[in-house]
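I'm jotting down what I looked up, in the order I went.

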Amino acid sequence: MMKRFLWPALVLIALVAISMIIVAPPTKKEYSSWTTMTGSNDGIRYSSGENITKKNVGQLEVAWVYDTHDEAQRTTIPTTPLMLDGVLYGVSPQLNLFAIDAVTGAEKWVFKPLDPNARGSVRGISYWQSESGKDKRIIYSTGPYLYAVNAFDGKVIKSFGKGGFIDLRENLDGDFENTSAAGNAAPIIYKNLLITSMRVGEENDAAPGHIRAFDILSGERKWIFHTIPHPGEFGYETWEDKDAWKRVGGANNWAGMALDEERGIVYVPTGSATPDFYGANRLGSNLFANSLIALDAATGKYIWHYQVVHHDIWDRDLPANPNLLTIKKDGKSIDVVAQITKHGYIFMFDRVTGESIFPINEVPVPPSDLPGEVAWPTQPIPVLPEPFARQKFGPEDVSDRTSEIQRDLLNQYYKYRNGNLFIPPSLQGGFTFPGFDGGGEWGGSAVDPETEIMYINTTELPWWTQMVPNPALNRVVGTTFKEVGKSVYAKSCASCHGAELEGIGAAFPSLVNLNKKYNEQEVRLILDNGRNMMPAFKSMPESEKAPLITFLLDLEDKEAMPANPGRPGVERIPARDIVPAFSMTGYHRFMDSDGYPGIKPPWGTLNAVNLNTGKLLWKVPLGEFEELKEQGLANSGTQVYGGPVVTKGGVVFVASTEDEKIRAFDKDNGALLWEAKLPAAGFATPAVYTINKKQYVVIAAGGGKLGAKSGTQYNAFALPDKFK
């Protein structure tokens, strides 16, 4: 097993620990505003307001509605807005930044990105102001472009970067200008440094997810931490191929970070190295992929790390920002960082040393039977805290809504491998449970700093995947544009949209009859810029892009492809290092014939975990389907996207569900206290803040996922004035 610390790291840890002695006592934190994507830099999604309580939460009413008036078609709003000094800042479905009055919802200004084709997913934005308060900036990304916008008037600050923005594909210590990148999570701001993350592709041509800090005023890069280590850097030895750093991508932070402001330490969770499901070209444990990394926020210097998944071939990215809190253990107070995972665990460490608070076992896991793949022999499983999502999916867990449904699902169930969290991908195929979206997911968790109880909502749904020989190793020559386009589709698109363009669930729509929705120019724009969950394919050569468009839109062949005399049809080309021998067939949710999860409910839950003891306190269903309720299946839970907020007043607020509702639960026992219907599903995390002793709960009702209708509104709830 690879050691987590080498002697240089130990020396640095000791120096950091010594420096703790001279740090001034921490100031009392303020949780009445909502100053970051997660409410505060410690990432705990907590509101200190007590205007709303368990006794009066049932009296909540709509305080205001802000309609962005964007076109809403297959769009979503995953954004958690900010609230500072009475102004609320958010992002519209078309990625316009706006400022409104946080009490009335009256619009102040709207900023439209300089790139008219901006697409993507913006889950959070950042705020900075100078010591004088005369310079206030909102930082947010649309695709690869990170903007600095004047918070007073909504105009781009032209002295920042390239006339108001920086391109996240640049300054990565390599040429990645044509790769896919998007800053969907909010950057962390430390003093005058803008510490950035980004979402990158998950295929062979993905950019590396290096962490960088930029000057908040000029946009100049100040430091970089290579998440795929370069020669001579700590962690380089964990990659068997010593040239992996030149071509492997990923190991990026797309979920957000947390900042210990007093100590100046930023905590960075990362995702897997690419490609996701076949790692023969990146053998080794692959630091710093799938790791929680502590860095000096001022310099980017490494302090400590813990790798949660070794040599990830299951897409087990760390899915959410960490939480910083102080727990009580063995009569002592310990400042800790807690990290949730896709597979339903909580890893918790001393913030300064990186030592685990509870024991972690390295558990043997099955080997891979795919040629060339070498799965890591063990994986870390914490003894405590107890998992917040189910860990087993046996035949007895298959849905039995009807005997016919159960029979059909069992026939599917026995086709695939099961029985271990870390079954390697295979030609037979196997289940991943919790599924690829968690378990824990990007909505994150909320923590009450007074009780040290964590609240997490989770989807409990199996997914399955199957490997096939990589279509990229075959190409079509001597044939028509349309036939070549079909080959390009098999290589670049089929894993998400299905072999026959049929789509895979609501997340990956059908492309059948695409010509009835889009013209050639529109498809080209989507390929170049991406849209929603789909990355950009800027690096796709025109020799592939034009045939692909011809195939997708069923256009007339423009010309015959250059012939290869004597070798028509499919030609085998030499495998390159960057082309894996196997690829997966797509992301498949295990659903029944009616479109409901193929596992017994609950399908979505809200959970409470005591981080002092590690014990799961309660679990309740989250969401339901009205039509199933009428059939006698109430409180089934639904798939969820978005996270909870906990308040000092005793309430947990959460939307996230397919049934288009926002709910309030008793934080002590999980009892449902209140719910309200939204105009579209609230697939986001609320913001909760207090102004003039009145507490507001704001949720973006953007819908757009899981086949739900899209929406354009932010809805605010508050108590009548008599409760102030």
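I began with a leucine in a loop. Leu706 sits between strand 42 (694-703) and strand 43 (710-718). This is a predicted model, so I'm reading backbone angles off a prediction. Leu706 isn't a glycine, yet its phi is positive, about 55°. Is Leu706 buried or exposed? Its relative accessibility is 18%, and the cut-off for buried is under 20%, so Leu706 counts as buried.

Next I looked for another residue of that kind, and Asp315 turned up. Asp315 is not a glycine either, and its phi is near 60°, again positive. I found Asp315 in the loop that links strand 20 (302-307) with strand 21 (323-329). Its relative accessible area is 5%, which puts Asp315 among the buried residues.

One runs from Leu384 to Pro385, with omega near -5°. Pro385 belongs to the loop between strand 25 (378-382) and helix 3 (403-413). Another cis bond joins Pro601 to Pro602, with omega near 10°. Pro602 is in the loop between strand 34 (588-589) and strand 35 (604-610).

How many residues of strand 25 are buried? Five of the five are, so strand 25 is largely enclosed by the rest of the structure. I checked the faces too, since side chains in a regular strand alternate between the two faces of the sheet. In strand 25, Thr378, Pro380 and Pro382 are on one side, Gln379 and Ile381 are on the other, and all of them are buried. So both faces of strand 25 are covered. Its antiparallel partner is strand 24 (residues 360-364), joined to strand 25 by five bridges. In that pairing, Pro364 stands opposite Thr378.

Last stop: the nonpolar cores. Which residues touch the most other members of the largest one? Out of its 37 residues, they are Trp64, Phe653, Ile662, Trp674 and Tyr689. Strands giving at least two residues each to this core include strand 2 (61-67), strand 5 (97-101), strand 38 (651-654) and strand 41 (687-691).

Technical notes
Residues are numbered from 1 along each chain as its sequence is written. This is a predicted model: local features need pLDDT of at least 70, side-chain atom pairs count only at pLDDT 80 or more; totals for chains, interfaces and linings use all residues. Side-chain values use heavy atoms; hydrogens and water are left out. Helices (H or I, at least four residues) and strands (E, at least two) are DSSP runs, numbered from the N terminus. Buried means under 20% relative accessible area, exposed over 50%, partly exposed in between (1.4 Å probe, protein chains only). Two strands pair if DSSP finds at least two bridges between them. A nonpolar core is a set of buried Ala, Val, Leu, Ile, Met, Phe, Trp, Tyr and Cys residues joined through side-chain atoms within 4.5 Å.
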